[in-house]
Amino acid sequence: NEHTVTLSGVTPVACAPGSFSATGFAPCTLAPPGFFVATAGSTQATPAPPGTFVAAAGATAATACQVGTYQPDAGQTACIVAPPGYYVNLVRATEPTACALGTYQPISTQTACIAAKIGFYVDRIAAVSATACPAGQTTANKGSTSATDCFTPNRPPVANAGPNQTTVTSTPSRPGSPASSTPSKPASAKCPWATRWTWTTRPA
């Protein structure tokens, strides 16, 4: 014959935070990784929401993904690092942000992108590097977004008059003096030249 035994004076023990059971009382099971139990006497575990994770069993709360990481799914045990070409600058992020035109990011787990330096441009989103302008060209500002931003800068003129030249000249005599004459062309002069004296007034 079957007999039913009723125990009196025994108080059920509620499952502690971090554990659960079908009745909410012992025996209890620890919340598995990716899940947590925040209150005592729980009958089920809660999955970590997107933007958070739970790495170990028995958790009482989920942990937020930090900057540079994200998690788009629930019930996860870790966050995902932002890949090159992307960044995450908020906690609890559920997706990374692509670098905009004019910026790039060659490294993962970053919180911002880098503006293209002067002389470079970035003409696509999620870029991991910048493109240099053609040789001899530059850009006016940082963060250029197209090859059309490149230009050839004005350069100061360069004079080239050839090598230095040296010549010898003589001082002609004053008009009316005994030595007054038309000076001869110096032997070292490079160009032909002559001097002609003309009286404009004569001495009394």
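Is A126 buried, exposed or partly exposed? At 23% relative accessibility, A126 counts as partly exposed, where buried means under 20% relative accessible area, exposed means over 50% and partly exposed lies in between, computed with a 1.4 Å probe on protein chains only. The points below set this residue beside others in the chain.

1. Basis of the note. This is a predicted model, in which local features need pLDDT of at least 70 and side-chain atom pairs count only at pLDDT 80 or more, while totals for chains, interfaces and linings use all residues. Residues are numbered from 1 along each chain as its sequence is written, and side-chain values use heavy atoms, with hydrogens and water left out.

2. Confidence. The mean pLDDT of the protein chain is 86, and 75% of its residues reach 70 or more; pLDDT is the predictor's confidence in each residue, on a scale from 0 to 100. Over residues 1-7 the pLDDT stays under 50, and for this stretch the model has zero contacts beyond four places in sequence, a contact being heavy atoms within 4.5 Å. Where pLDDT is low, the predicted coordinates should not be read in detail.

3. Disulfides as a set. If a disulfide is taken as a pair of cysteine sulfur atoms within 2.5 Å, the count comes to four disulfides. With bonded cysteines counted along the chain, the disulfides of the protein chain follow the pattern 1-2, 3-4, 5-6, 7-8.

4. C65 and C79. These two cysteines form a disulfide with their sulfur atoms 1.9 Å apart, and the link of C65 and C79 is left-handed, with -90 degrees about the S-S bond. The pair links distant parts of the chain, 14 residues apart, with C65 in the loop between β6 (63-64) and β7 and C79 in the loop between β7 and β8; strands here are DSSP runs of E with at least two residues, numbered from the N terminus. C65 is buried, with a relative accessible area of 1%, whereas C79 counts as partly exposed at 23% relative accessibility.

5. Q71, a contact of both cysteines. Q71 lies in the loop between β7 (69-70) and β8 (80-81) and, at 3% relative accessibility, counts as buried. Leaving aside neighbours within four places in sequence, Q71 is in contact with C65 and C79, and also with P50, G51, T52, Q76, A78, I80, A93 and T94.

6. C99 and C113. The sulfur atoms of C99 and C113 are 1.9 Å apart in a disulfide, and the link is left-handed, with -85 degrees about the S-S bond. C99 lies in the loop between β10 (97-98) and β11 (103-104) and C113 in the loop between β11 and β12 (114-115), so the pair ties together parts that are 14 residues apart in sequence. C99 counts as buried at 1% relative accessibility, while C113, at 22%, counts as partly exposed.

7. C133 and C150. A disulfide joins C133 to C150, with an S to S distance of 2.0 Å. The torsion about the S-S bond of C133 and C150 is about -75 degrees, so this disulfide is left-handed. Both C133 and C150 lie in the segment after β14 (131-132), so the pair ties together parts that are 17 residues apart in sequence, and both cysteines are buried.

8. The loop between β1 and β2. A cis peptide bond joins A26 and P27, with omega about 0 degrees, and P27 lies in the loop between β1 and β2. C28 is found in the loop between β1 (19-20) and β2 (29-30) and is partly exposed, with a relative accessible area of 33%. Not counting residues up to four places away in sequence, C28 touches C15, S19, F20 and S21.

9. Positive phi values. T109, although not a glycine, has a positive phi of about 60 degrees; T109 lies in the loop between β11 and β12 and counts as partly exposed at 36% relative accessibility. For A126, the residue of the opening question, phi is near 55 degrees, a positive value in a residue other than glycine, and the place of A126 is in the loop between β13 (120-121) and β14.

10. Charged pair. Side chains of opposite charge can pair when their charged atoms come close. A search of the whole structure finds one salt bridge, defined as a side-chain nitrogen of Lys or Arg within 4 Å of a carboxyl oxygen of Asp or Glu. The side chains of R124 and D123 meet in a salt bridge at 3.7 Å, N to O; R124 is partly exposed at 36%, and D123 is partly exposed at 43%.

Conventions. Helix = DSSP H or I, 4+ residues; strand = E, 2+ residues; numbered from the N terminus.
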